[in-house]
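Work through the exercises below with the structure in view. Try each task before reading its solution.

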Amino acid sequence: MLRVVLIVTLAAVSYGADPAQTCADGLQEDYRGTKSTTVGGLTCQAWSSQSPHKHSRTPERYPDAGLEENFCRNPDGEPKGTWCYTTSSGKRWDYCAVPSCEVEREREVLQLGEKKGVTVSLQGVGVKLATREDLGSFYCGGSCEWVFTTDSAPGTLWNITPFEVPSPLRLFSATQSSTAHSGNAARAIDGNTNGNWGKSSCTHSSGAKDNWWMASLAQNSAVSKVVIHNRVDCCSDRINGAKVYVGDSLCGEVKYEAGKVAYEVQCENAVGGTVKVVQNDNVLTLCEVEVFGADSECYKIEKADGYHAGETMRPGSKAWGEGELAVQTDFAAPAESKCWEFVPAEGENTFKIRKRFGSQNGEFLRAPPVNFKDDDVPKTRRFVRVSSDDSLNVWQINSA
């Protein structure tokens, strides 16, 4: 008996499940995390089990595939990544939707909260950000470019506050577990809320069990609510019990009410990159899915004192020799041009500051290539810019 126990224990160790692994790239054949549910919310069947589904993907036949317990894996190179057999007799197998590591990287972008009256300095140099006008040698009038300064006088303080992206949030790339009667997944995000089937704006699954519908957000977002527009000409009660998820977070469940056209499911700012509706006990029909909330990683950087107080940072229109745009303050710029995200860097309170949305999306706030010296007076005239080059752009944020 002791020998049997030892063999089982060693086998479990050899598979090397890693609870800390939450993502994988490519075909995800190297995924060794512990996710054990499918994209439709079904629990995975153990790889060593032949119930409820008989199969040949066993730990013995695939000894290097990490087929431990019922964790999501890809032993045979399925094109969409990790999968598993399910414990539902009506659904043999399904994909697991383990996120790519690029998606996980986006989720690691720091959520700063609110920081008032802070300095933004170039790491290792100590020069702070101000505007040309704060230095007393230039009159901007309207918008004014950011520059470096060693001065701690008024004009070097900034407020960093969450920036609410206007709702609703747009959905993309809708998919679903199955399709019947031409009721494809894209109908739920076509902008048409009409609940009559004849208007060709409602989805329809092909079966009455284990159904799901899912669409992607443009980026990880804090979702306040999801609104589902139901079918009204027939079968309205099919929506009862449908569960709504943002990422892996369950927002709530739809409770059918006779005569009700639209159902709001509160998500309490759950953060995720996808919205999913799961109906395990009936046909799933959605006539429109709307999502409301705010981008969870987007911030405005606002001048707190000195000249141009109250104005926020955005890329300007002035290009330099390197083809990079100078950064300026602006009071009336379009909303999307004021969104920035903070990517943690090495060191305390240090970040890479990256543009989000609109023009220059994905470019970094960058210091110009210059060697700073104590007697380098012109350094207070060096213009800050945005660039695809992510070097020389690590910033430190400190309380004044």
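**Exercise 1: The chain as a whole**

The protein chain exposes about 18800 Å², and carbon and sulfur atoms supply 49% of this area. Accessible areas come from the Shrake-Rupley method with a 1.4 Å probe; for residues, only the protein chains shown count as cover. This is a predicted model: local features need pLDDT of at least 70, side-chain atom pairs count only at pLDDT 80 or more, and totals for chains, interfaces and linings use all residues. Residues are numbered from 1 along each chain as its sequence is written, and side-chain values use heavy atoms, with hydrogens and water left out.

Task: State how many helices and strands the protein chain has, and what share of its residues is buried.

Solution. Step 1: the chain has two helices and 20 strands. These are DSSP runs (helices H or I, at least four residues; strands E, at least two), numbered from the N terminus. Step 2: of the 400 residues, 49% are buried (under 20% relative accessible area, 1.4 Å probe, protein chains only).

**Exercise 2: The largest pocket**

Task: Give the volume of the largest pocket and find which element gives the most to its lining.

Solution. Step 1: the volume is about 1200 Å³. A pocket is an open set of points on a 1 Å grid over the protein atoms alone, with protein on both sides within 12 Å along at least five of seven lines; lining residues have an atom within 4 Å of a point. Grid points are joined across faces, edges and corners, and a volume is the space filled by probe spheres set on the points. Step 2: 43 residues line this pocket, and Ala97, Val98, Met214, Ser216 and Thr274 are the closest to its centre. Step 3: β8 gives the most, with eight residues.

**Exercise 3: The largest cavity and Thr285**

Task: Give the volume of the largest cavity, then decide whether Thr285 is buried or exposed.

Solution. Step 1: the largest cavity has a volume of about 50 Å³. In a cavity, a 1.4 Å probe fits but cannot get out. Step 2: Thr285 is in its lining, as are Cys234, Cys235 and Val283, among others. Step 3: Thr285 lies in the loop between β11 and β12 (288-295). Thr285 is buried because its relative accessible area is 6%. Step 4: its side chain reaches the backbone oxygen of Thr203 at 3.3 Å. Step 5: not counting residues up to four places away in sequence, Thr285 touches residues including Cys202, His204 and Arg238 (heavy atoms within 4.5 Å).

Notes. Buried means under 20% relative accessible area, exposed over 50%, partly exposed in between (1.4 Å probe, protein chains only). A polar contact is a pair of N or O atoms within 3.5 Å; within protein, one must be able to donate a hydrogen and the other to accept it, and residues adjacent in sequence count only if both atoms are side-chain atoms.
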